[in-house]
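Below is a short note for a colleague who has not looked at this structure before. Please read it with the sequence and the model side by side.

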Amino acid sequence: MVGPLQPYNGSVRKLVLGIDVGTTYSGVAYAILDPGEVPRIQGVTRFPGREDAAGDTKIPSILYYNADGTLHSVGAEAALPGIELEAEDKDLVFVEWFKLHLRPKHLDSEDEAVRRRLPPLPAQKSVADIFADFLSYLFRCTQKYICETHANGESLWQSVEDRIEFILSHPNGWGGLQQGKMRQAAVQAGLIPDSAAGRERVHFVTEGEASLNFCLRNGLADEVLHPGKSVMIVDAGGGTVDISSYSFASITPVSVEETVPADCIVQGSTQVNVRAEAFLRERLKDSAFGNDEDIKCMIDHFDKSTKPVFKDTDEASYIKFGSMRDSDLNVNIRRGQLMLTKEEMISFFKPSVEAVVQIVQKQVQAAARPLAAVFLVGGFAASPFLYSALREELARLELSLFRPDAHTNKAVAEGTISFFLEHFVSARVMTITYGIDICTEYRTNDPEHYARRAEKYVQPSGRVVLGNAFSTILTKLLLGGRTPEGTRMQERQEVTETYYQEARDSRTLNSLAVDLLCYRGKDLHPRWTDVNPEMFAPLCTIYADTSGVYRCPKQGTVERYYVQEFEIVLICGLTELQAQIKWTEDGVERRGPAKIVYDDDLRVSR
């Protein structure tokens, strides 16, 4: 086990909230930071509608909206007895699995199938709107819990309400676009003010890394806590399964490095439900019980009772619904119970198990060091069948699978707090190539340039240039410290590239806005953004105030113009991309912060 948390060395009291919005269930953890005191990571264990389950750290990620779009109920309050009858009477709109609407499309191995199965969002509601409503609800529940649980809770809350740091978790592979929408949802929810200082109080961590922090903090990796050893975290949740591999660079202090690119697959427990529902609809298509209402009742019971207890035994499984009078022996329904064979139950789980094993194999093959252990955490990890099936499959790969006794469904929420306080991970793997769209000087002896000769144009300097050129800032394969599939970056490591822009009017050089693109193709040296354009996607737009950057006056072939030289600096080894603009002024290096904006465009040159 890693050593105890260190006393907080800040000068003022703070509150850290870790929020895990899951596909099916969500939770909150927190720590009060008092100067000189050792923080204690705690979970919010009391929510409205769950008074009968005190100590439970999760609530359902569901909402009901009124017909006019206003919020009706959230979480456990949206699952109370009788709510479905009220929803029918009042035309309430039910929302579930909303998190998956935010997923990056490139992560979907079966994108069309996932999109087809995903419940639609309510009319006039974006995924950010729903995130905001859900975050607001969790925040209010957390405030109420802290005020009621701690001595002098009201005064404690008042002392920190303007100094709350929020750590939001998200699946592996989510990037700047998803983080930007989640941060905007935090603003919309009233968690932070809509200001630069407010936005800086929202931080992000992947679910895989949060789970690693939870494992380290809870002593789940003692047997592999040695320099040079590696461990894999399989965070099996409701919507996704996040798989990450790490090696221990040092133990005192603990320093962990990501060894291969993390993976995220949409094969969580909800997909087991989806396959079960498809099976039931096919089996019952000619039965009196094949209507939507009965099938919904069956899936609810399957999700809450049948699926969680299924084991790899020869015993049949049963889905209860209806009454003792309901029977149809042709489809194995007897006295209000539908029987499922072992083979049928396994078929619902099998694609998820196979997908996880495939990713584990891929990461093992890509890793430079052998794995010492695989840890299974997350809400889906509680499934006896998932655990036994994965343990059997991984044993064939000579891998040991461990499932901690602690409540693994709280791993991500509590791990977010540990991430904020300790930062065990010191290096992460970049899996895509970053660059920008520039114009490049036209060269008649270059065949590719000559083929584009109709697209050339003249800049103020008189230079003849071509557009749609791709300038690489960070390549996933060509920098030092690379893994077989990506470039490993230390947390504060920088990559820079020099550019310049020119203009007839000096005032137009007072600001810079340029799209940072990510390239996901196989070409090691992509040259043009209009060749295989589907491989290029805007990650964000870097905006900076360049009014202080020197612009050199020059005389062109026709008129006077100005040139401004600068460097784009990317800090990619953090959990969230950071950017800066660097320039030299009177022989002194200057830097200015860059921020993320959207739908802006200014072409630069190199």
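This is a predicted model: local features need pLDDT of at least 70, side-chain atom pairs count only at pLDDT 80 or more; totals for chains, interfaces and linings use all residues.

The numbered points below go through some local features one by one.

1. D91 counts as exposed because its relative accessibility is 54%, and the cut-off for exposed is over 50%.

2. Helix α7. This helix spans residues 207–217 and is mostly covered, with 11 of its 11 residues buried.

3. Which residues of β14 are on the covered face, and which on the uncovered one? In this strand, residues 317–320, S317 and I319 make up the covered face, while Y318 and K320 make up the uncovered one. As a general rule, side chains in a regular strand alternate between the two faces of the sheet.

4. The partner of β14. Strand β14 pairs with β16 (residues 337–340) in the antiparallel sense, over 4 bridges. Within this pairing, S317 stands opposite L340 of β16. S317 is also one of the residues on the covered face of β14.

5. A cis peptide bond. The bond joining T252 and P253 is cis, with omega at about -5 degrees. P253 is placed in the loop between β11 (241–250) and β12 (255–258).

6. Positive phi at N152. N152 is not a glycine, yet its phi is positive, at about 55 degrees. The residue sits in the loop between α3 (127–149) and α4 (153–160). Is N152 buried or exposed? With a relative accessible area of 62%, N152 is exposed.

7. Positive phi at R335. Here too a residue other than glycine has a positive phi, near 50 degrees for R335. R335 is in the loop between β15 (333–334) and β16, and β16 is the strand that pairs with β14. The relative accessible area of R335 is 49%, so R335 is classed as partly exposed; a residue counts as exposed at over 50%.

Definitions and conventions
Residues are numbered from 1 along each chain as its sequence is written. Side-chain values use heavy atoms; hydrogens and water are left out. Buried means under 20% relative accessible area, exposed over 50%, partly exposed in between (1.4 Å probe, protein chains only). Helices (H or I, at least four residues) and strands (E, at least two) are DSSP runs, numbered from the N terminus. Two strands pair if DSSP finds at least two bridges between them.
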